[in-house]
Amino acid sequence: MNYALIGCGRIAVNHIKAAINNNLHIVAVCDVKPEAMENLLAQYHLEKNMSIQRYTDYKKMLEEKKPQLVAIATESGLHAQIALDCIDQDVNVIIEKPMAMRMVDAEEIIQRSKARNVKVCACHQNRFNNAVQETRSALETGRFGKLSHGSIHVRWNRNRNYYTQAPWRGTWAQDGGCLMNQCIHGIDLLRWMMGDEIEEVYGVTKRQFHEYLECEDVGMAVVKFKNGAIGTIEGTTEGLPHIGVNTTFLHPKIKLDYYFARDYSERSACYDELKNYDFVKFLGIVEWSNEGREIYQIPESIIEENHARRFITQPQKEFIHWDTEHYPVMGLGSIIFGALHFALFTMPKQIFLVGCDCSADGHFDGSTTIDHSSVPLFVDSWNWVKTFIKRYYPKIEVISINPIGLNGVFRDVYTENYLNAHPEIARSECEILSDCYPYLKED
Ligand SMILES: NC(=O)c1ccc[n+]([C@@H]2O[C@H](COP(=O)([O-])OP(=O)(O)OC[C@H]3O[C@@H](n4cnc5c(N)ncnc54)[C@H](O)[C@@H]3O)[C@@H](O)[C@H]2O)c1
């Protein structure tokens with residue numbers, strides 16, 4: 001079967017792989033960016049294969065190559081038009097999800113493909129996962145009886161780094177929000193399992209944290225199926241925020257989503273640079289005593305120039321601060337714990353502590369030398385934090401990526417680089433994380 005691919009970006013590699021695995025005859029690839037085609041083909045050592053013709057205009061490609069099957073992997077907003085152009089040329093199409101951005105376009109694709117007897121398939125590959133297939137077979141044999149209700153929860157992280165990789169992401173015209181993009185497979189599976197036809201939907205979508213997007217970063221819905229079952233949908237791309245404190249943002253490998261700081265006097269120099277970074281900033285005041293005496297206060301002018309949010313810590317007034325901040329560190333009240341509260345409140349499955357050493361003030365810019373005599377005190381303090389997390393957030397796993405100095409308080413993982421630099425650490429006793437850079441967000 002003669003096959004062509006339109007759109008040679010990140011997901012395209014899976015399409016070429018599928019074409020090769022299914023012995024399709026790849027006659028052409030198309031992308032408006034010539035280098036995208038070459039990069040893609042090179043990944044399969046096909047860059048010298050000139051029988052695969054390169055096109056920057058898909059209409060020309062359809063006309064000249066007349067493929068029998070085309071896969072469409074461009075940005076989502078183009079799917080419907082390209083699909084309709086293929087159908088009009090009697091070409092079968094595999095359309096990346098979502099098949100269209102509007103219901104009317106999806107209906108049009110279905111109607112026109114039926115009229116022209118052309119096959120159309122939308123990429124919902126998760127239907128073929130083993131567990132999903134098993135569940136579906138069991139469901140079809142009636143093993144679960146009457147289905148009362150079902151839920152999907154999609155809690156993923158997509159941060160600014162992801163959205164700046166491709167400007168079409170998070171736009172209404174080309175991508176849609178977290179429900180349309182990231183949760184679509186979950187929504188598809190919920191429908192498929194629960195009974196397809198839907199009577200009513202009630203939902204709310206909001207953009208809670210990704211202020212720079214057009215679309216929502218969280219969506220919740222209740223779905224009433226025609227067969228009487230009920231479903232709930234929870235989808236978000238707020239799942240794994242990168243939260244930093246003090247001067248961490250100056251580290252070249254770290255790109256933050258949220259930032260906490262509150263001690264101005266010692267580190268005032270770094271605040272000059274802060275305005276050049278566009279993560280969400282929480283700049284604080286600490287009120288230590290019951291009289292509300294402010295001892296650390298970042299000036300109002302800095303709050304304004306950074307469009308920052310104020311947060312006030314009252315370690316002696318608030319139970320939760322007392323528990324996680326004041327008490328565990330024996331009154332030191334490190335900013336780390338303020339940031340950790342925030343992380344805990346987002347209820348992630350895991351928290352990765354990166355570069356969170358035992359220095360007294362949580363500064364991790366190389367300027368703070370660790371006072372080794374105080375390490376046992378800090379380890380002890382972190383043990384209190386561990387107890388607190390276990391008790392109040394038992395489902396959250398905390399993983400510390402070394403170098404961290406917490407001496408096994410949490411589940412420690414090391415990197416190859418770190419172990420190579422520290423031969424004194426016995427490898428046999430280590431858990432090695434081959435690639436911790438997703439957490440460091442290296443470019
Ligand atoms: N099935 C899945 O699980 C899954 C996963 C990731 C992405 N996707 C979908 O795949 C699509 C592409 O995502 P991506 O991350 O690969 O995006 P991408 O930006 O990396 O790639 C899109 C490519 O399309 C090209 N393009 C744009 N306009 C074109 C045109 N008129 N003709 C030909 N090429 C054109 C761009 O130059 C780019 O190289 C999206 O719709 C996305 O929702 C699906």
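His45 lies in the loop between helix 2 and strand 3. Helices (H or I, at least four residues) and strands (E, at least two) are DSSP runs, numbered from the N terminus. The model is predicted: local features need pLDDT of at least 70, side-chain atom pairs count only at pLDDT 80 or more, and totals for chains, interfaces and linings use all residues. Residue numbers start from 1 along each chain, following the sequence as written.

His45 is not a glycine, yet it has a positive phi of about 55°. Most residues other than glycine have a negative phi. His45 counts as exposed because it has 8 C-beta neighbours inside 10 Å. The classes work like this: a residue is buried if 20 or more other C-beta atoms lie within 10 Å of its own, exposed if 12 or fewer, and partly exposed in between, with C-beta atoms placed from the backbone.

## Helix 2

Helix 2 covers residues 34-43, and Met37, Leu40 and Leu41 in it are buried. These residues are on the same side of helix 2 because they cover an arc of only 95° around the axis. The arc is that of the directions from the helix axis to the C-beta atoms. An α-helix has 3.6 residues a turn, so residues three or four places apart point the same way.

Glu35, Ala42 and Gln43 are exposed on the other side of helix 2. What do the buried residues of helix 2 pack against? They pack against helix 1 (12-21), strand 2 (25-30) and strand 3 (53-55). Contact means that the C-beta atoms of two residues, placed from the backbone, lie within 7 Å.

Lys66 sits in the loop between helix 3 (58-65) and strand 4 (69-72). It counts as partly exposed because it has 13 C-beta neighbours inside 10 Å.

The peptide bond from Lys97 to Pro98 is cis, with omega near -10°. Most peptide bonds are trans. Pro98 is in the loop between strand 5 (92-95) and helix 5 (103-115).

Four strands form an open sheet, in the order 7-10-9-8, with mixed pairing. Two strands pair if DSSP finds at least two bridges between them. Strand 7 (149-155) and strand 8 (198-206) are the edge strands, each pairing on one side only. From one strand to the next, the twist averages 10°.

Strand 9 (residues 218-225) and strand 10 (residues 230-236) run antiparallel, joined by seven bridges. Gly219 has Gly235 as its bridge partner in strand 10. Helix 8 (residues 184-194) packs on the sheet. It touches strand 7, strand 9 and strand 10, and its direction makes about 170° with that of strand 7. Axes are lines fitted to C-alpha atoms, for helices over the stretch in contact, and angles run from 0 to 180 degrees between N-to-C directions.

## Strands 11 and 12

Strand 11 (residues 243-245) runs parallel to strand 12, and three bridges join them. Ile243 stands opposite Tyr258 in strand 12. Strand 12 covers residues 258-261. Tyr258 and Phe260 point one way from it, Tyr259 and Ala261 the other way, and all are buried.

## Around the ligand

Which residues come nearest to the ligand? Of the 24 residues around it, Gly7, Gly9, Ile11, Ser76 and Glu96 do. A residue is near a molecule or strand if its C-beta atom, placed from the backbone, lies within 6 Å of it.

The shell around the ligand has 12 nonpolar, six polar and six charged residues. Ala, Val, Leu, Ile, Met, Phe, Trp, Tyr, Cys and Pro count as nonpolar, Asp, Glu, Lys and Arg as charged, and the others, Gly among them, as polar.
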